[in-house]
Amino acid sequence: MGLEPPLQLWGKHSLYLERCSGVTAFGEGYIRFRAGGASVTVFGGKIQVEEFRGGKLLVTGEFTSIEFE
């Protein structure tokens, strides 16, 4: 089993991820992205990508749930 990409969650409003390979879906109330071999979906309101550069992703919003697949 390899190392998982670092993921940090600050409260219910900010998520920071390193080694993100891309946003695969984005719509009203959710964002889905690839990280390592996993797909991560964040649900909530006012979701915004604040920064995505060099594999580093910062997402903000009012998160209600997070799913890992």
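Student: Let's start with E62. Is E62 buried, partly exposed or exposed?
Tutor: E62 counts as partly exposed, because its relative accessibility is 40%. Keep in mind that this is a predicted model.

Student: Which side chain does E62 meet in a salt bridge?
Tutor: The partner is K46. The N to O distance is 3.7 Å.

Student: Where do E62 and K46 lie, and what does the pair tie together?
Tutor: E62 is in strand β6, residues 56-68. K46 is in strand β5, residues 38-53. The pair therefore ties together parts that are 16 residues apart in sequence.

Student: And K46, buried or exposed?
Tutor: Exposed, because its relative accessible area is 64%.

Student: How many salt bridges are there?
Tutor: The count is two. One of them joins R53 and E51. Their closest N and O atoms are 2.9 Å apart.

Student: How open are R53 and E51?
Tutor: R53 has a relative accessible area of 57%, so R53 is exposed. E51 has 35%, so E51 is partly exposed.

Student: New topic. Where is W10 found?
Tutor: W10 is in strand β1, which covers residues 7-10. W10 is partly exposed, because its relative accessibility is 46%.

Student: What does W10 touch?
Tutor: Leaving out residues up to four places away in sequence, W10 touches Y16 and L58.

Student: How many aromatic pairs are there?
Tutor: One aromatic pair is counted. W10 and Y16 form it, and the pair is tilted. The ring centres are 6.4 Å apart, with 40 degrees between the planes.

Student: How far is W10 from T60?
Tutor: In sequence, they are 50 residues apart. In space, they are 9.6 Å apart, C-alpha to C-alpha.

Student: Now the surface. Which residues form a nonpolar patch there?
Tutor: V23, F26, V49 and F52 form it. Together they have about 330 Å² of accessible area.

Student: Which elements give two or more residues to that patch?
Tutor: Strands β3, residues 20-27, and β5 do.

Student: What about V23 itself, where is it found?
Tutor: V23 sits in strand β3. V23 counts as partly exposed, because its relative accessibility is 35%.

How values were computed: Residues are numbered from 1 along each chain as its sequence is written. This is a predicted model: local features need pLDDT of at least 70, side-chain atom pairs count only at pLDDT 80 or more; totals for chains, interfaces and linings use all residues. Side-chain values use heavy atoms; hydrogens and water are left out. Helices (H or I, at least four residues) and strands (E, at least two) are DSSP runs, numbered from the N terminus. Buried means under 20% relative accessible area, exposed over 50%, partly exposed in between (1.4 Å probe, protein chains only). Contact means heavy atoms within 4.5 Å. Rings of Phe, Tyr and Trp (its six-membered ring) pair if their centres lie within 6.5 Å; planes under 30 degrees apart count as stacked, over 60 as edge-to-face and the rest as tilted. A salt bridge is a side-chain nitrogen of Lys or Arg within 4 Å of a carboxyl oxygen of Asp or Glu. Patches are made of residues with over 30% relative accessible area and no salt bridge: like charges are joined within 9 Å, nonpolar side chains (Val, Leu, Ile, Met, Phe, Trp, Tyr) within 5 Å. Accessible areas come from the Shrake-Rupley method with a 1.4 Å probe; for residues, only the protein chains shown count as cover.
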